[in-house]
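Subject: Structure handover

Dear colleague,

Here is the structure we discussed, with my notes below it. Please look through the model before reading them.

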Amino acid sequence: MKHFKISLYLVLVAFAFHSCKEETRKVVKAEPVVFKKEGELSIFKKETDSLIASFDIEIADSEYETQTGLMYRKSMKADRGMLFVFPEVAGHSFYMKNTEFPLDLIFVKEDMTIANYHENAQPLDESSLPSQGAVQYVLELNAGLIQKLGIQSGDSIAFKKI
């Protein structure tokens with residue numbers, strides 16, 4: 001009788017383990033981050049004040065948004081960008097951790113003039129990309145647009161939230 005109880009116990013244990021293995025696991029699928037138009041931004045030439053280009057923008061103005069930026073996205077359309085708005089005028093530094101496509105970064109002073117920029121920041125690169133001096137805004141565009149549009153330090157931006 002003792003051997004029967006042990007055998008029955010082992011069969012039940014084996015059945016329990018077998019049943020657990022066949023349970024289907026839930027697959028958690030992350031939702032892709034999608035562009036949400038929050039404003040419009042224009043860039044103007046320093047010498048002539050003529051329009052260089054206009055973009056639909058997302059605005060990163062909370063701590064979470066400024067830390068996350070364009071991370072975890074696969075791409076961005078050419079007529080779009082992200083504008084980071086900081087509460088303080090200071091030196092700001094960016095990096096491309098978890099950013100999956102190349103970007104041009106434009107550092108903008110409090111008076112809306114372009115201070116400096118970094119072209120073609122490479123995906124997933126954690127090298128520091130600092131402003132050269134105090135700025136309040138940083139505009140991220142697809143890589144190559146600074147050169148293509150002829151954007152230079154001293155040019156200016158204007159934006160409006162919608």
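Helices (H or I, at least four residues) and strands (E, at least two) are DSSP runs here, numbered from the N terminus. On that basis the chain has three helices and nine strands, and along the sequence they follow the pattern α-β-β-α-β-β-β-β-β-β-α-β.

Two notes on the source. This is a predicted model, in which local features need pLDDT of at least 70 and side-chain atom pairs count only at pLDDT 80 or more, while totals for chains, interfaces and linings use all residues. Residues are numbered from 1 along each chain as its sequence is written, and side-chain values use heavy atoms, with hydrogens and water left out.

The sheet

Strands are taken to pair if DSSP finds at least two bridges between them. Seven strands make up an open sheet with mixed pairing, in the order E6-E5-E8-E3-E2-E1-E9. Strand E6 (114–121) and strand E9 (156–161) stand at the edges with a single partner strand each, so one side of each has no neighbour in the sheet. From one strand to the next the twist averages 30 degrees; axes are lines fitted to C-alpha atoms, for helices over the stretch in contact, and angles run from 0 to 180 degrees between N-to-C directions. E9 pairs with strand E1 (residues 39–44) in the antiparallel sense, over six bridges. Within that pairing, Phe-159 in E9 is the bridge partner of Leu-41.

Burial and cores

Of the 162 residues in the chain, 35% are buried (under 20% relative accessible area; exposed is over 50% and partly exposed is in between, with a 1.4 Å probe and protein chains only). A nonpolar core is a set of buried Ala, Val, Leu, Ile, Met, Phe, Trp, Tyr and Cys residues joined through side-chain atoms within 4.5 Å. The largest such core has 20 residues, and Leu-41, Ile-43, Phe-55, Leu-83, Ile-106 and Leu-139 touch the most other members. At least two residues of this core come from each of E1, strand E2 (51–60), strand E3 (80–90), strand E5 (103–108), strand E8 (135–142) and helix H3 (145–149). E2 gives the most, with five residues. Apart from this core lies another, of 17 residues, including Met-76, Leu-103, Leu-129 and Val-138.

Over the chain, 68% of the contacts with a separation of 6 or more are between residues 24 or more positions apart.

Aromatic residues

The structure holds four aromatic pairs. Rings of Phe, Tyr and Trp (its six-membered ring) pair if their centres lie within 6.5 Å; planes under 30 degrees apart count as stacked, over 60 as edge-to-face and the rest as tilted. Phe-86 and Phe-94 form an edge-to-face pair, 6.2 Å centre to centre with 85 degrees between the planes. Phe-86 is buried at 12% relative accessibility, and Phe-94 is buried at 8%. A further edge-to-face pair joins Tyr-137 and Phe-159, at 5.8 Å centre to centre and 70 degrees between the planes. This pair links distant parts of the chain, with Tyr-137 in strand E8 and Phe-159 in strand E9, 22 residues apart. Tyr-137 is buried, with a relative accessible area of 10%, whereas Phe-159 is partly exposed at 24%. Phe-84, Phe-86, Phe-94 and Phe-107 form one aromatic cluster.

Regards

Methods
Contact means heavy atoms within 4.5 Å.
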